[in-house]
Amino acid sequence: AVNKENQLQGQNGSSSKPAAVKSKSGIVVAGIDDVSVRFSKCCSPIPGDEIIGFVTRGRGVSIHRTDCINIINLPDFERGRLIEASWAADEGKQDGKYMTEIVIYAHNRVGILTDLSKIFTEKNIDVNSINSRTSKSEIATISMSFAIQGTEELNSLISRIRQIDSIIDIERTTG
């Protein structure tokens with residue numbers, strides 16, 4: 001309500017610009033900062049990602065990345081439930097942590113998990129879960145879930161992981 005009052009003042013000319021939006025969730029949905037939101041687990045959006053909201057039945061708005069497979073494959077009859085969403089203006093300055101997941105593909109070798117663990121320890125990132133499996137052709141698929149502040153920190157982490165010997169590719173999960 002405060003934000004709307006400030007915007008009205010700006011329209012009346014008594015204030016030169018509207019107040020910055022402050023949101024508990026870090027998300028602003030269609031200009032409203034106090035709507036109930038939850039972050040979808042299928043694509044795990046973090047600050048810096050392009051996001052969109054999906055109006056759920058009874059659970060507020062579910063926030064997805066715009067490249068989420070569930071949003072891309074959304075049936076036409078559900079598209080009317082999509083709503084514009086963005087990160088709050090001050091979100092990058094907060095100490096909030098957001099869960100995300102990456103999948104690492106590598107040539108399997110002794111010590112690869114140790115090398116990964118060292119990087120996460122160096123960057124002070126707590127790993128929530130890890131799952132590793134190796135194919136018959138000795139390609140390791142390692143899924144890692146962890147809390148991070150945003151895309152800048154994630155890109156730095158991915159860049160560092162790419163320096164490990166035997167890494168083939170790294171992807172974020174998209175649903």
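Begin by selecting Glu138, which counts as partly exposed at 43% relative accessibility (buried means under 20% relative accessible area, exposed over 50% and partly exposed in between, with a 1.4 Å probe and protein chains only). This is a predicted model, in which local features need pLDDT of at least 70, side-chain atom pairs count only at pLDDT 80 or more, and totals for chains, interfaces and linings use all residues. Residues are numbered from 1 along each chain as its sequence is written, and side-chain values use heavy atoms, with hydrogens and water left out.

Glu138 sits in the loop between strand S7 (127-134) and S8; helices (H or I, at least four residues) and strands (E, at least two) are DSSP runs numbered from the N terminus. Although Glu138 is not a glycine, its phi is positive, at about 65°. Most residues other than glycine have a negative phi. Select Ser44 next, in the loop between S2 and strand S3 (51-55): its phi is also positive, near 45°, but Ser44 is buried, with a relative accessible area of 10%.

S2 runs parallel to S4 and is joined to it by 3 bridges; Arg38 has Ser62 in S4 as its bridge partner.

Now display the largest nonpolar core, which has 30 residues; such a core is a set of buried Ala, Val, Leu, Ile, Met, Phe, Trp, Tyr and Cys residues joined through side-chain atoms within 4.5 Å. Ile102, Ile104, Phe146, Leu157 and Ile161 have the most contacts inside it, and S8 gives the most to this core, with 5 residues. Centre on Ile104, whose contacts (heavy atoms within 4.5 Å), not counting residues up to four places away in sequence, include Leu116, Ile142, Ile161 and Asp169.

Finish with H3 and H4, which pack at an angle of about 145° with their axes 10 Å apart; axes are lines fitted to C-alpha atoms, for helices over the stretch in contact, and angles run from 0 to 180 degrees between N-to-C directions. Here Leu116, Ile119, Phe120 and Glu122 in H3 meet Leu157, Arg160 and Ile161 in H4.

Definitions and conventions. Pairing = 2+ DSSP bridges.
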